[in-house]
Amino acid sequence: MRELFEDILNIDGVKGVMLISFGGEVVFRDLQQIVLKEAENRNWKLFIESMAGIRETDLIFEKGRLYVRRTDLGYLIILVGSFVSIALVRLQCDILLPSLKPAKSNKGIRRLFKKT
């Protein structure tokens with residue numbers, strides 16, 4: 001799954017990427033060592049519940065930023081430095097989002113009418 005997030009992780013100043021399901025479970029995590037210790041002990045369920053209805057947000061803190069984007073699988077959280085171009089991060093997310101859609105199954109009568 002890391003190869004899906006490679007373009008985002010290669011942006012200069014990005015400190016890590018997390019994908020958290022709507023239930024609060026960490027689906028994917030690739031963080032710098034400094035950030036990793038603090039992120040492992042967090043209860044993400046409360047954070048995800050507080051994000052209900054939000055499609056996209058940029059949270060600015062003293063030592064960095066969080067760019068949060070809703071996907072079909074959960075919330076994508078990107079940890080970035082203070083001076084990273086959010087437009088570039090947003091563009092990479094726009095490119096990535098179609099890859100994060102859950103696979104659709106052909107159920108019922110539709111499977112009889114498959115195009116060949």
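Colleague: Why is the contact between Arg 2 and Asp 30 called a salt bridge?

Modeller: The closest N and O atoms of Arg 2 and Asp 30 are 2.7 Å apart. A salt bridge is a side-chain nitrogen of Lys or Arg within 4 Å of a carboxyl oxygen of Asp or Glu, so the pair qualifies. This is a predicted model, in which local features need pLDDT of at least 70 and side-chain atom pairs pLDDT 80 or more, while totals for chains, interfaces and linings use all residues. Residues are numbered from 1 along each chain as its sequence is written, and side-chain values use heavy atoms, without hydrogens or water.

Colleague: Is Asp 30 buried or exposed, and how do you know?

Modeller: Buried means under 20% relative accessible area, exposed means over 50%, and partly exposed lies in between (1.4 Å probe, protein chains only). Asp 30 has 18% relative accessibility, so Asp 30 counts as buried. Arg 2, at 37%, is partly exposed.

Colleague: Which other residue meets the side chain of Arg 2 in a salt bridge?

Modeller: Glu 6 does, with an N to O distance of 2.7 Å. The relative accessible area of Glu 6 is 29%, so Glu 6 is partly exposed.

Colleague: What makes the pair of Arg 69 and Glu 56 a salt bridge?

Modeller: Their closest N and O atoms are 3.8 Å apart, which lies within the 4 Å limit. Arg 69 stands in strand 4 (residues 65-70) and Glu 56 in strand 3 (residues 56-60), 13 residues apart. Arg 69 is buried at 3% relative accessible area, whereas Glu 56 is partly exposed at 26%. The whole structure has nine salt bridges.

Colleague: What makes a group of residues a nonpolar core?

Modeller: The members are buried Ala, Val, Leu, Ile, Met, Phe, Trp, Tyr and Cys residues joined through side-chain atoms within 4.5 Å. In the largest core, of 18 residues, those touching the most other members are Phe 5, Ile 8, Val 17, Leu 76, Ile 78 and Val 89. Helix 1, strand 1 (14-21), strand 5 (74-80) and helix 4 (86-96) each give two or more residues to this core, and helix 4 gives the most, with four. Apart from this core lies another, of eleven residues, including Trp 44 and Tyr 75. In soluble globular proteins, nonpolar side chains tend to be buried together.

Colleague: How many helices and strands does the protein chain have?

Modeller: The chain has four helices and five strands, in the pattern α-β-β-α-α-β-β-β-α along the sequence. Buried residues make up 39% of its 116 residues.
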